Amino acid sequence: MLSRIAGAILMTGATLNAVDLVKDGVPCADIVISKHPGPGVLAAAQDLQKHIRLISGAELKIVTPEESTMPAKICVGESSCSREAGYAAPEFRGSGYDIWVKDFRIVLTGPSVLHRDEGKAYHEKLAAATALKVPGTTEQVSVVPELGFSLADDLGPMHAVSAFLENLGVRFYAPYKNGTVIPRKTTISVPEGRETREAAFGIREYRYTSQGTDPEGVLWLKRLKSGSAHSPRIGVFALADLMRAGEKEHPDWMARGKRGELLLSHDLCGFPRYLHAGFRQACVDKIRSIFDADPDLKKLIVMAPGRSVSMDAEEIKQIRKPCDPPSDSERALAFEFASSIARELKKSHPDRQIVWQGPVNDAPPDEDRLSGRPDNLTAAPRARAPHTYGKMSERTTYLKDLWALNEAFRPKGMIQREWWNEFEFFLSPRLPFWFPKALQEVRKGQHENGVSGLLMDLTTGAGSSAGALPETPLTHLMIYINSKLMWDPDLDLNELLSEYCRLWFGPAGSDMKCLIYYGADILSRNGTRTVNASEKSQMRFDDAPVIFQLLEQAKEKTEPGTLYRSRVEELEQRFAWLKDAFREPAVSENPRVTAQAFPFDKPCTGDLSVYKNWIPLGGTSGPNRTEIALGVTDNRDRLLVAIRCFDEKMTDLPSIVCLPDDPEFFKGDLFGITLQSPLRGPFFLVVNPDGSFADSSSDSESVIRNGSFTAWSDDKTAVRARRLADRWEAEIHFALGNLGGPWPDEMNPPWNLTLDRTRRTKDGENAESTKGQYALVFPDVDAEGNDIHARRLLPGATDQYVYGVKRAAGEVPLDAAWDGPEWKDVPELRLGINWYRYGQSSDYCPDARAKLQYDDKYLYVQYLLKDQYVKGEHQNDQDSVCRDSCMEFFARPFESGPYLNFECSCVGTLLLYHITENMDKSKNMVPLELEELARIERFHTLNGPLTVEIEEPTVWRLALRIPLDIFVEHTGIPLPLTGQVWSANFFNCADQTSHPRWLMWKRAKAFHVPEDFGKIIFE
């Protein structure tokens, strides 16, 4: 491939060996086309004329070679004008374009393949041969009257014109009004050179259901160089159509389940019996009629109905081998059917091929079955919704199976069909999902594994105007990226996204790029979240605030009324439903009970005399009444429940001391607690008069993480019970850490609490139950009556918790100034939350700020503090630097898992631990070796030791250069960091100075609570 022109287009006057198209707003060239232009040539010439006018204001004429009068000539398509200049077209194997600039001649051309003539006559023949419609074929070959071509047409001159305009700075980011970015310049001058490109995929065809009524949408897709270079065509025959046609006349074709029930597919039709001789013969007859109606059709994709059920139970029995898993048996059944169809077809049409595509052909059958494959049978991967590429597990499995198909069938170019609007279909909510990096990985893998083309279905989505490509949200960006990847899967994706955000969102580009990366992070999560009715949702409650903060930050950087602002606001409107779907849960209507505050270190002793505000459970009274009292520790780490279960027949209560999983436990007298936080749960705890207990959770995420909620551990659940003459009573403590809260005080709605007591006699009979339902409210004060650890916003600060980490232009000197050239364009964040602890915090707070940037080797962190009462006593790494004037950066690269806490004092002393969780710090906080800490370079403007405080106002700086391989080793992150979303928080503390204080960047319950961290997004 010859060198590219891209980036070499001149913005000013003519230079040596350059061709002027426009000079100071005056045309200097003609657009030349043949008297009898080839396919798409006139449309391409008109598009070139239009955009040069938009760029410069100059109108270039479209003329034939004989009519041209200008010294410079732009030849769109080949003509006598290009031949006279000595132009010779290169050899193309498929789709491509050629841009040739020499001696005042510019040639823009490429190979073209038309599919428009296959339309009317073909369908007339097909209608006569069969009553079945061939899905997609009509849309594929329909010519858009206003344009004179179809989406299937592969138009080399149009590809060349689009590439030429892109070299001039034009960007076709979206269809319709204001969808194109147009550079403004009065002079256009093009240097000599040549750019020859071939597409990585010969078929890049968007099958757009509204193309007949949306010429502007079709033109946009053509500007993205879509089309199909493959001829003869590949047809599609859907078994679903045959099943619908035969539902009444051939009920015996319909598959049935183990109980004889009719099996229905996603296509809302019966699922076929593949071994049924009559059904097979009907398929062969219809396929033959399709081939007879179109002699140029060489391949036919036989598409199975969409799966929603297993296949026919009786047929599976017939074909199943011993020890076959069900999926292998289903695959074998589908393969045997396709093989039989291909064998029959070969008898009458030996030059035609069957392409099997269905829901069970993700991988080839076993080698024994594969060995008997007829040579006119090939495979195509099953149709896919491309948003599934976002998950690594889905992506890896798909590419592995693709390789296996390619090896087994050795097809000459598999075709991948994709449903490009399924992720924003009218049945689905509008979610901020993007997957550019995942899509690039898949396109590379497809190119390496035998996929030669892609058929991509586009559907007009709900909320869009009739006959318009939906923008739900940034769908247009994903189509734009996909179109680029189909030409070059190895393009620099980060550069492409950076340019898009800069040109499309202007001054808001940085925040919008963060939003794109954050959306990709949401989509890549492995497990679904039970936060709303949509089972496919990957979002959590804490995602929506991040999204809207990024949008708000973006709006603040744009001027009202500008195009940039309107683009941000459009996305904000389309995401607006998230505010309702992920809003705070409705406040419980149950009676409110405020928990009593206790010191954070209160032990579980069984002494109930310290509890106040006793409540009769369910209004009970008399000798068998139940009374409860509720408490919470100051740090809200534990819920405390005190119970007094009165019983006039205490001697009849059975004594049961056993392990929690022993069924005998549930035969005695029991007291149960069911607690549900606004985010999680419910969680269960049951205790008996002897202090035995059982606890569990129905929250799937907690169970996956812990096996059960509290895991029968005294560290998490503690019960102390005793029997008295007229009652049994117990004190119960259990941890709240895994319940998704409590939230900070000002965001703390009540929790649902259900308490019940079940009384049983010795023989386990004559049970009676008492229940009470309450809305648990956490107190506003601590055990001493002071306002509980308030987290207050400092004057002049903003409560933000999303930060975009810029990529460094080069290696950053450790001592680079805060506003020096290396840092001046890097945004800062301020630690604006004062975690005010009564009895501990002073009234003083510094102005503490931080900046981050990164490259391929390091993460750079810099702090600036306008401080007072500064102390730096500790000199040895891994000392308790938080007791001095200290800045801290906690980072967790993955959604869950380990995090690192970089705590560094004002004199450069560092503490760093690898922390797997914060439930038991003594076991799960592992210090890094001193040799590793020594690799983290530090710069500090204050030198230690500072054993005597600096009491006067002081400005100090601190910088860290952290090798990325420390994160790789201890957290397993992949490199590069571009596009990654980490959880992180920043803190300032000075525990043992004369004026203790604790500051945060992201509002949190405490320092070591990774669930409360903010988000940093690597741009």
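Me: Which strands does helix 1 lie across?
Reply: Helix 1 (residues 41-56) lies across strand 3, strand 4, strand 5 (72-76) and strand 7 (105-109). Helix 1 runs at about 135 degrees to strand 5.

Me: And which strands does helix 5 touch?
Reply: Helix 5 (residues 156-167) packs on the sheet and touches strand 5, strand 6 (96-102), strand 7 and strand 13. Its direction makes about 55 degrees with that of strand 6.

Me: What are the ground rules here?
Reply: This is a predicted model; local features need pLDDT of at least 70, side-chain atom pairs count only at pLDDT 80 or more, and totals for chains, interfaces and linings use all residues. Residues are numbered from 1 along each chain as its sequence is written, and side-chain values use heavy atoms, with hydrogens and water left out.
Reply: Helices (H or I, at least four residues) and strands (E, at least two) are DSSP runs, numbered from the N terminus. Touching means heavy atoms within 4.5 Å. Angles run from 0 to 180 degrees between N-to-C directions, with axes fitted to C-alpha atoms, for helices over the stretch in contact.

Me: In what order do the strands of that sheet come?
Reply: The order is 4-3-5-7-6-13, in an open sheet of 6 strands with mixed pairing. Strand 4 (62-63) and strand 13 (193-198) are at the edges, each with a single partner strand, so one side of each has no neighbour in the sheet. Two strands pair if DSSP finds at least two bridges between them.

Me: How many bridges join strand 3 to strand 4?
Reply: There are 2, and strand 3 (residues 29-32) runs parallel to strand 4. In strand 4, I62 is the bridge partner of I31.

Me: New topic. Is Q416 buried or exposed?
Reply: Q416 is buried, with a relative accessible area of 0%. Buried means under 20%, exposed over 50%, partly exposed in between (1.4 Å probe, protein chains only). Q416 is in strand 20 (residues 414-419).

Me: What does its side chain reach?
Reply: The Q416 side chain reaches the backbone oxygen of R382 at 2.9 Å.

Me: What about strand 28, how many of its residues are buried?
Reply: 4 of the 5 residues of strand 28 (residues 683-687) are buried, so it is largely enclosed by the rest of the structure. Strand 28 pairs with strand 27 (residues 670-676) in the antiparallel sense, over 5 bridges. V687 is the bridge partner of F671.

Me: Last one. What comes just after helix 12?
Reply: R410, which takes a positive phi of about 45 degrees. Within helix 12, the buried residues include R395, Y398 and F409.

Conventions: Polar contact = N/O pair within 3.5 Å; in protein donor to acceptor, adjacent residues only side chain to side chain.
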